[in-house]
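Please work through the following exercises on a predicted model. Each task is followed by a worked solution.

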Amino acid sequence: MSKVEWEPVIGLEIHVQLATNTKMFCSCALGFGEPPNTRTCPVCLGLPGALPVVNARAIDYGLLIGLAVGSKLADRSIFHRKNYFYPDNPKAYQISQYDEPLCSGGQLGDVRIHRVHLEEDAAKLVHGGGSGRIHGSATSVVDFNRGGTPLVEIVTEPDVRSGEHARAWLTMLRETVRQLGISDVDMSQGSLRCDANVSIRPKGEERFGTKTELKNMNSFAFLEQGVKAEIARQIAIKEAGDEVVQETLHFDPRTGAITSLRSKEEAHDYRYFPEPDLVPIAITSEMLERAKAALPELPTQRAERYESSLGLSADNARDLSFRPEITPYFEAAAAVDGAEPQVVANWLLNELIPRLGETAPADSRVSTDAFGAFAALVGAKKITPTAAKQVLDRLVAEGGSPEAIVEAEGLGAMEGGDELSGIVDAALAANEAAAEKIRGGNMKAIGPIIGHVMRETKGRADGGEVTRLVREKLGL
Amino acid sequence: MSAEDLIALTAAQAVEKIRAGETSAADVYEAYRQRAAADELNAFVYVPDAVPDELPATDTPLAGLPLGVKDLFCTEGLPSQSGSKILEGYRPPYTATVVRNLQDAGASILGKTNQDEFAMGSSNENSAYGPVQNPWDRTKVPGGSSGGSAAAVAAGLVPWALGTDTGGSIRQPAALTGIVGLKPTYGSCSRYGMIAFASSLDQAGPLARDVTDTALLFKHMVGRDHCDSTSLDYPEEVKLPTAQRLDGIRLGVPEELSGEGIEPGVLESFNRVLDLARELGATVESMKLPHAPHALSAYYVLAPAEASSNLARFDGVRYGMRAEGTRDLLSMYTKTRHDGFGPEVKRRIMLGTYALSAGYYDAYYGRAQQVRTKIAEDFHTAFERFDFIVTPTAPTVAFGLGAKTDDPWAMYLNDFCTVPISLAGIPAISIPSGLSEGLPVGFQMAGPAFSENRILDAAFALEQGIGFDGSKARA
Amino acid sequence: MIDREQVLHVARLARLELTEDEVQSMSHELSGILGHIEKIGELDLEGVPPTSHVVEVSNALRPDEARPSYPRDAMLAAAPLVADDGFAVPSPQA
Ligand SMILES: [Mg+2]
Ligand SMILES: [Zn+2]
């Protein structure tokens, strides 16, 4: 039997906590680490008789996400009740959306969006907490401060193909949402959460394999590791001739183990039905205009602009667009007179950032004006690359203006002419053997000669001009 | 004034007397409080020990008059148990909007009235706090689910009371106890703070001795509430009724709800009111509501489905009872809910859960919603030709305690004439039309959405002509 | 008809314990009620839209303005079991 090549098929379900002032269906302020149960009211505690009322800003934010991922915004959408019992679910139903969500379809990068909908977050259940035990058994304690926080759920089509892909795409989504200014999108704080539906199929096969749902991967690295581990687990099962079982799984990043969450329990039957306590959401032109006006340039759009109007390479465009700590720095530096965007991009990504370590460029001593001016000098060949690195070292260490450093250190590029010609002559004389090899056609031997010139000129000579002179002088 | 004289006054008359200084709100309150405290009908589940220290000012619209409040309205600091053991002793931290509105208008709560558990029932026999007796005959039920409110008003234990109506829970007990009950247009009164049975149907409404009192109480209940998304601005001021005649009024009598299944004595009383209506200038015509006979079936899918979800929050975690001795989460849930809910509530939770469960939704819930559309259309069409649709409120007079408890569907048939109107979300009133076998009969009149002023006016004209005497029940 | 197995399944979904007697009577009573309800299956409802609400309004929205939450003590007052300022339950992981 020939070995089957497996293709992973992965869909992601992302929950984003919205940074509104109040909860989804009541006027309690959102909780931020206050003492337990100090941010509750009859509505978010599910008291008898209490009724939900939709937070207008949560709708606006949901629309912003929908626009940002190219979704179709529904003219009319409704809320449904998703019924299940759990101590962190006070009404024993979650108000969510089902077959008439706020937004459907769309695409971000290379992954299609299935739907975007609004719902409410669960409360926090502290396991094994409590000073006591109930009849000798372990107790958990519920804190309802988080309960009812507005959530946007984003469901992708199964277009993700690997753990790395999942991680890269989620990073793109995070930056997109961060740009909208509607969420902290911090995985470690739970304001961005991601579950993955994972299946595998023989490459070339159309039909999907049985999928499992992988939960609670609370960092980008764990998402990548978890998905990888689950793919490996499924391949091992199939190759042993067994079948993957549809179930909900938990990835333990410490051990790398994947365990089943609800093996005993019956399949869920959420008994969705339209929430009778709420009326439909009908997107008005006013709501739509407001959302469109609030929509900033998104990372994907920015990357496109960097490529098409600034002429950056695709890789550089992506790098600069999806990294919020460097995007504004790049834009400001590239706006300086004479600074070419591609030169700014190269020197920012390849030279400045590695020199700064943990420090963001904006927090360094190198101002955007200085860096732009520096790029202008490099672009105009007023300093050689070698000299430029020295100038950059000084900028990082002390700040100041690049022109002043060049002036003070005499690092300006030499004009061609007699002085350089003389130095090249001297270098050829000092490296007879190398000169002989070059004459014989071996240009690689030019290294020692260029090295000699650079030493003599403290790096101010232009490498191209030196090579030209060498060839001329050796009659090539 | 003597306590006896005070009790003989309608609420509107009592307000006048208080305003005129002929009596005081405190005297009226105490006269009723003593009667309510001595209640032998089990109409009240809570009555305070004394007159409140501070009563509303006499220049408020309701002048401090006492009010009976159905148990399921949340009242801050007062028991609010919805007739259920699972909420025994529960005192909520907030007050229902409708109660708050009435308090703002000068009502003072006299007590909480008994009801069928979670408003599920038509006889008040489903209360965890015991059945309520009908003041016309102590061996009979008062109807339900607002049976405590109805019996209390009929027996003169309180001038008026709040009830709720999901499929007939105000109108049917009003009919069986010889008082007036109004189920308002869905959305006209806030549901915030009403312990929910079926959210898309529940409406608060007044139960009172006569049509004028009904209008006066209703006037101060209505209005959009920012805490209830389904509440609406009432489009006009609610007026006290004045009409003496029914000239030009067209009454439609649906064949489906005025023949088969209605007791002869009830039909006789109904027909006498139709004759009276003609005398007062109305035209009366037989007509059809083709889908009305299916209303009960649709209702017994939709209401239990919503209830199964609404009652899921009673899980022993945040309030109410928790079964003793459970060690694990699952048995805490299942045992608490087993011990806390009565048989009818369990039945409806089961029915509703079943109707919503995987594989059955379309056949039950989906179809029931379609039937609801057809029923609403039937009424819509009818109101092109008629001002009001009239029927007997209930097919029988008050029946014996225990007579129908063994057959759920027989009990459900009590609401045969009221449920179609509930599904359409339109308003309807029940007024006493007379007695049959010594027991009160109700006459129901339904109109288009927000036609309460016109309904109250027409009901007032009929009331004058009928001249029903309810004083026997207050004796 | 709704048989014993279905009753037990639905009771489990509804988190409702039933005694053996209750299972029996529930099966009997629910079957009776469903027998009446199932008559709506005979109606021709092809193309009829569902009505989940008679109220024809949309966008009943609330401004995103915070109001004071309730005091914790008032909210914990009715709880059957309180621990660490929260609502205590048997641990779901037990
Ligand atoms: Mg979700
Ligand atoms: Zn709240």
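**Exercise 1.** Determine how many cavities of 30 Å³ or more a search of the whole structure finds, and describe the largest cavity.

*Solution.* Step 1: the search of the whole structure finds six cavities of 30 Å³ or more. Step 2: the largest cavity holds about 190 Å³ of space. Step 3: 24 residues line this cavity, and the closest to its centre are Cys44(A), Pro90(A), Lys91(A), Glu120(A) and Gly148(A). Step 4: strand S6 of chain A (residues 93–96) gives the most to the lining, with three residues. Step 5: by class, the lining has 14 nonpolar, five polar and five charged residues.

**Exercise 2.** Describe the second largest cavity and its lining.

*Solution.* Step 1: the space in the second largest cavity is about 50 Å³. Step 2: its lining includes Tyr84(A), Arg337(B) and Ala14(C). Step 3: helices H9 and H11 of chain B each supply at least two lining residues. Step 4: the lining divides into six nonpolar, four polar and two charged residues.

**Exercise 3.** Characterise the interface of chain B and chain C.

*Solution.* Step 1: chain B brings 57 residues to the contact and chain C brings 51 residues. Step 2: about 4,900 Å² is buried between the two chains, and carbon and sulfur atoms give 69% of that area. Step 3: within chain B, Met350(B), Tyr354(B) and Arg367(B) lose the most area to chain C, together 14% of what that side buries. Step 4: the rule finds two salt bridges across the interface; one of them joins the side chains of Arg347(B) and Glu29(C) (2.7 Å, N to O). Step 5: H12(B) gives the most to the side of chain B that touches chain C, with nine residues.

Terms used
Residues numbered from 1 in each chain as written. Chains lettered and ligands numbered in written order. Predicted model: local features only at pLDDT ≥ 70, side-chain atom pairs only at ≥ 80, totals over all residues. Heavy atoms only, no water. Contact = heavy atoms within 4.5 Å. Buried area = accessible area lost by both parts, 1.4 Å probe. Salt bridge = Lys/Arg side-chain N within 4 Å of Asp/Glu carboxyl O. Helix = DSSP H or I, 4+ residues; strand = E, 2+ residues; numbered from the N terminus. 1 Å grid on protein atoms, 1.4 Å probe; cavity = no way out; pocket = protein on both sides within 12 Å on 5 of 7 lines; lining within 4 Å. Points joined across faces, edges and corners; volume = space filled by probe spheres on them. Nonpolar A, V, L, I, M, F, W, Y, C, P; charged D, E, K, R; others polar.
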